[in-house]
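Reader: I am new to this structure. Please walk me through its charged pairs.

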Amino acid sequence: MPIENERKFVLNEDGQLEPRLAQTPGVTRSWLNQAYLDSAGVRIRSIETAGNLRHIFSFKRPVDGQMVEIETDIDAADFKRLWTLSRETLCKTRYSWADGRFHWDIDFFKTGEGRTYFALAEVEMPEHEREPPEVPARLAGHLLGPAPLGDPRFTSKRLADRAHAERLLAEIREKGVVS
């Protein structure tokens with residue numbers, strides 16, 4: 001069973017991080033359009049990377065204290081059909097790279113006009129790892145703090161709500177800590 005084991009970190013995007021990541025060798029940029037459907041744990045997404053477009057159907061749900069995530073490719077017609085059932089939708093630009101046994105994804109949640117309203121780093125770890133690695137140096141100057149493990153305020157589904165994400169970010173900046 002595919003188990004997702006990730007930790008999240010809230011980032012302060014000052015307009016400099018995303019352009020730097022875009023110029024960093026070994027970092028892949030993707031554009032994602034994502035929708036959550038009317039069934040718990042079900043989402044669809046289109047991912048465009050280097051001119052290649054994929055459509056993915058996902059089921060993601062906690063089971064026995066672990067997060068099970070199953071993904072499969074679907075065709076564009078099915079994606080379009082399923083999009084009509086969407087509840088929450090989001091657009092984000094993702095920068096990804098492998099770092100030894102870890103995989104990093106940095107998501108920049110975007111408004112319809114392309115402005116970033118929230119930035120979040122995720123590190124995917126091997127299933128049995130408990131402690132996340134240090135945040136890479138390229139992110140350290142932008143780190144606001146780690147998101148509490150399993151905190152629903154930091155799921156992409158919740159961050160799709162721009163008002164929620166902007167309030168959350170303002171609160172974190174005001175307090176100076178993610179809590």
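Author: First, a term: buried means under 20% relative accessible area, exposed over 50%, and partly exposed in between (1.4 Å probe, protein chains only). This is a predicted model, where local features need pLDDT of at least 70, side-chain atom pairs count only at pLDDT 80 or more, and totals for chains, interfaces and linings use all residues. Residues are numbered from 1 along each chain as its sequence is written, and side-chain values use heavy atoms, leaving out hydrogens and water.

Reader: Why is Glu166 called partly exposed?
Author: Its relative accessibility is 30%. That lies between 20% and 50%, so Glu166 counts as partly exposed.

Reader: What makes Glu166 and Arg115 a salt bridge?
Author: A salt bridge needs a side-chain nitrogen of Lys or Arg within 4 Å of a carboxyl oxygen of Asp or Glu. Here the closest N and O atoms are 2.8 Å apart, so the pair qualifies. Glu166 sits in helix 5 (residues 162-175), and Arg115 in the loop between strand 8 (102-110) and strand 9 (116-124). Helices (H or I, at least four residues) and strands (E, at least two) are DSSP runs, numbered from the N terminus.

Reader: Why is Arg43 called buried?
Author: Arg43 has 7% relative accessibility, which is under 20%, so the word buried applies.

Reader: Which residue forms a salt bridge with Arg43, and at what distance?
Author: Glu71, with the closest N and O atoms 3.2 Å apart. Arg43 lies in strand 4 (residues 42-49) and Glu71 in strand 6 (residues 66-74), 28 residues apart.

Reader: How many salt bridges does this rule give?
Author: The count is 20.
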